[in-house]
Amino acid sequence: MEGPGFSPEQQNYLKGFMAGVEARRGSLAPPGEGGAPPDALRAAQDRTIAGGGTLVPQEEAKREKHPLDRWDELTARAEAGQFPKPIDDFVSRYHGLFFVGPAQDAFMCRLRIPGGILSAHQAREVACIAEECGGGYVDVTTRANLQIRLIPAAKGPEVVMRLGEVGLLPRGTGADNIRNITASPTVGIDPREWVDTRPIVRALHHHILNSRDLFGLPRKFNISLDGGGTIAVLEETNDIALSVVRIGGEFRFRLGLGGITGHKDFATASDVALLPGEVVKVCDAILRVFIAHGDRTDRKKARLKYLLDKWGHARFLEEVETLMGKPLPRFDAAEMERPPAFDRHAHLGVQPQRQEGLSWLGVVVPAARLSAAQLRGLAAIADRHGTGELRLTVWQNLLIPNVADAAAAQAALAELGLTTDASSLRAGLVACTGSAGCKFAAADTKRNGQEILAHLESRIALDVPLNIHLTGCHNSCAQHFIADIGLIGAKVESGEDMLPGYDLHLGGGSGPDAKIGRLIRPAVLADDVPPLLLNLLRRYLGLREEGEGFQPFCARHDDAALNAMLDA
């Protein structure tokens with residue numbers, strides 16, 4: 001660029017131009033190459049290797065090429081009609097596709113529906129996708145979300161693209177990512193609500209989707225916000241739990257960390273209480289500390305809980321403060337006023353809203369499954385009798401808000417084979433996918449749950465709330481440890497055979513009654529569970545003290561006594 005052909009001004013211009021080209025080249029190079037700064041994921045992996053650690057295969061796959069940059073591999077397999085091998089299946093989950101063989105020789109697609117709020121337009125398209133690309137049904141999950149199942153290999157990318165076109169892009173709904181954000185389903189309509197969490201959830205959802213570094217976690221991550229509504233959202237079971245409190249007349253969200261009930265831990269509440277406008281920045285900082293320091297050498301110890309166990313909560317929060325460059329707002333817990341306790345039946349039935357003359361309808365979803373026709377019909381009811389909106393709950397059902405004529409809406413539900421009415425037993429039943437659709441499950445939880453209901457409802461009536469949760473494996477998607485009666489799938493020896501069954505836990509709870517259930521009887525054959533539970537519930541009704549719920553009843557009896565009641 002120097003020579004007789006260029007003036008000094010031209011030489012300076014060309015030098016600046018070439019410097020810009022080189023900088024641009026560096027910014028486009030893979031992280032850590034060509035002068036580009038390493039991203040958070042690569043930096044965390046480098047730190048692990050420098051410390052003598054060996055990355056697990058999933059981390060090696062992420063290191064080879066970021067899963068978000070491997071869409072072309074998904075489309076190539078679809079064109080060839082092939083499902084992914086295990087490590088490629090892990091990569092596919094970053095785009096919302098799960099190969100669930102051998103239980104089903106198909107993909108499952110888990111959606112992302114922040115706060116569980118779904119428009120009627122979106123619901124209709126999900127129904128169409130389920131019919132045209134899947135098994136013709138959707139499952140409602142315990143994260144106020146939907147799953148589409150029985151998707152053939154060739155249709156996987158088509159499902160993802162069509163969901164993205166209606167604002168439901170399932171990016172990061174599986175693998176080592178932040179899952180669907182849950183929040184109070186009655187936001188904006190609940191007479192008891194303290195804070196409408198919709199703006200916070202919306203901002204946090206889009207922040208996650210548009211922050212590439214946040215797709216570099218060492219393991220899955222759950223976030224939940226409770227704005228003080230009537231229906232529980234189980235925020236204490238999440239990695240980040242944000243529970244509304246009132247401090248001196250001001251509403252804030254108390255921060256809890258490390259909930260993972262499958263590992264027998266609830267989130268530990270801190271003295272940090274955030275204003276609504278502070279939530280996104282603090283969540284971002286928490287996630288970045290976890291990305292930088294979470295375990296990448298042992299999948300079983302990679303959740304946030306284990307970093308908190310290693311460091312302690314005080315050090316972890318200090319690291320968050322260091323990253324943010326300022327202290328977190330802290331208060332005496334005695335100053336934090338909590339809203340009234342939730343209503344365990346408010347997710348079902350006809351419930352009055354804060355808007356005069358309007359109600360939300362809590363719809364029972366049998367076995368947490370809706371046919372495409374039912375989902376399309378629900379969208380029509382929401383349009384005709386509500387305001388074109390459906391709201392999913394963590395209790396595997398949905399609400400239709402803003403209904404003026406409840407009787408007409410209930411009649412329309414009946415035409416779909418649905419209802420708002422449920423017994424205490426049916427209202428509290430939660431079941432994961434089970435062995436019919438999940439390779440990890442040791443029992444057919446959905447079918448067994450319906451069998452338990454059929455056996456109990458025809459023989460006993462309860463006048464108190466009761467939760468029965470069935471989960472198929474140690475991942476505890478149905479959160480069996482927090483149920484009054486928790487069942488986790490187990491293989492049971494019967495002669496020379498190993499048959500489906502359950503380990504039976506009693507006395508769990510959530511919210512102000514949060515408690516991990518006790519293992520009372522292991523290895524019960526699935527067919528033996530219904531009569532054993534009938535014995536137990538009959539003994540409970542006969543022996544309880546006045547006004548005594550099932551959980552305190554269990555707490556009042558030792559393991560041997562409860563075990564004996566099963567056989568009474």
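Analyst: On a 1 Å grid over the protein atoms alone, a cavity is a set of points where a 1.4 Å probe fits but cannot get out; lining residues have an atom within 4 Å of a point. Grid points are joined across faces, edges and corners, and a volume is the space filled by probe spheres set on the points. This is a predicted model, in which local features need pLDDT of at least 70 and side-chain atom pairs count only at pLDDT 80 or more, while totals for chains, interfaces and linings use all residues. Residues are numbered from 1 along each chain as its sequence is written, and side-chain values use heavy atoms, with hydrogens and water left out.

User: How many cavities of 30 Å³ or more are there?

Analyst: The search of the whole structure gives 4. The largest cavity holds about 170 Å³. Its lining has 18 residues, and Val365, Ala367, Gln396, Arg426 and Leu429 are the closest to its centre.

User: Which elements give two or more residues to that lining?

Analyst: Helix H14 (424-427), strand S16 (429-431) and helix H15 (445-457) do. S16 gives the most, with 3 residues. Helices (H or I, at least four residues) and strands (E, at least two) are DSSP runs, numbered from the N terminus.

User: And the lining by class?

Analyst: The largest cavity has 13 nonpolar, 4 polar and 1 charged residues in its lining. Ala, Val, Leu, Ile, Met, Phe, Trp, Tyr, Cys and Pro count as nonpolar, Asp, Glu, Lys and Arg as charged, and the others, Gly among them, as polar.

User: Changing topic: is Glu548 buried or exposed?

Analyst: Glu548 counts as buried because its relative accessibility is 10%, and buried means under 20% relative accessible area (1.4 Å probe, protein chains only). Glu548 sits in the loop between helix H16 (529-543) and helix H17 (550-555).

User: What does Glu548 touch?

Analyst: Leaving out residues up to four places away in sequence, Glu548 touches Tyr540, Phe553 and Arg556, where contact means heavy atoms within 4.5 Å.

How values were computed:
On a 1 Å grid over the protein atoms alone, a cavity is a set of points where a 1.4 Å probe fits but cannot get out, and a pocket is an open set with protein on both sides within 12 Å along at least five of seven lines; lining residues have an atom within 4 Å of a point. Buried means under 20% relative accessible area, exposed over 50%, partly exposed in between (1.4 Å probe, protein chains only).
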